[in-house]
Amino acid sequence: MLQAATFVQTLEERQGLMLACVEEIAYRMGYIDADAVRRIAQTMRSNSYGEYLLHLLDHEAFHGSA
């Protein structure tokens, strides 16, 4: 279990992505829009998950839509 956790942590840190981020998946598949992601992220903006979602939106706005 520790090896799996370490692997996931390493992968996320190196790639700058989160594994199994359901909001990101739903957004990229068109199930929710950027406003919904932003509302969700705002409730978690004080932790790394919320920060990740906000960064995702900022990155998409700068580089084009999902």
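First, a term. Buried means under 20% relative accessible area, exposed means over 50%, and partly exposed is what falls in between. Keep those cut-offs in mind. One caution as well: this is a predicted model.

Now the overview. The protein has four helices and zero strands. Read from the N terminus, the order is α-α-α-α. There are 66 residues, and 23% of them count as buried. Along the principal axes, the C-alpha atoms fill a box of roughly 35 × 25 × 20 Å. The accessible surface is about 5,000 Å², with 58% of that belonging to carbon and sulfur atoms.

What about contacts along the chain? Take pairs at least 6 apart in sequence. Of those contacts, 42% join residues at least 24 apart.

Is Ala20 buried or exposed? Its relative accessibility is 66%, over the 50% cut-off, so Ala20 counts as exposed.

On to charge. The protein carries 5 positive and 9 negative side chains. The centres of the two sets lie 2 Å apart. Side chains of opposite charge can pair when their charged atoms come close. How many salt bridges does a search of the whole structure find? One.

Here are the partners. Arg28 and Glu24 meet through their side chains, 3.0 Å from N to O. Both lie in helix 2, residues 22-28. They are four residues apart, about one turn of the helix.

Now compare how accessible the two partners are. Arg28 has a relative accessible area of 42%, between the cut-offs, so it is partly exposed. Glu24 has 9%, which is under 20%, so Glu24 counts as buried.

Which residues does Glu24 touch, leaving out those up to four places away in sequence? Met18, Tyr52, Leu53 and Leu56. So please look at Glu24 on the screen: a buried residue, in helix 2, paired with Arg28 in a salt bridge.

Technical notes: Residues numbered from 1 in each chain as written. Predicted model: local features only at pLDDT ≥ 70, side-chain atom pairs only at ≥ 80, totals over all residues. Heavy atoms only, no water. Salt bridge = Lys/Arg side-chain N within 4 Å of Asp/Glu carboxyl O. Helix = DSSP H or I, 4+ residues; strand = E, 2+ residues; numbered from the N terminus. Buried < 20%, exposed > 50% of the residue type's maximum accessible area, 1.4 Å probe, protein only. Contact = heavy atoms within 4.5 Å. Areas by Shrake-Rupley, 256 points an atom, 1.4 Å probe, with all protein chains shown as cover. Lys, Arg positive; Asp, Glu negative; His and termini not counted. Charge placed at Lys NZ, Arg CZ, Asp CG, Glu CD.
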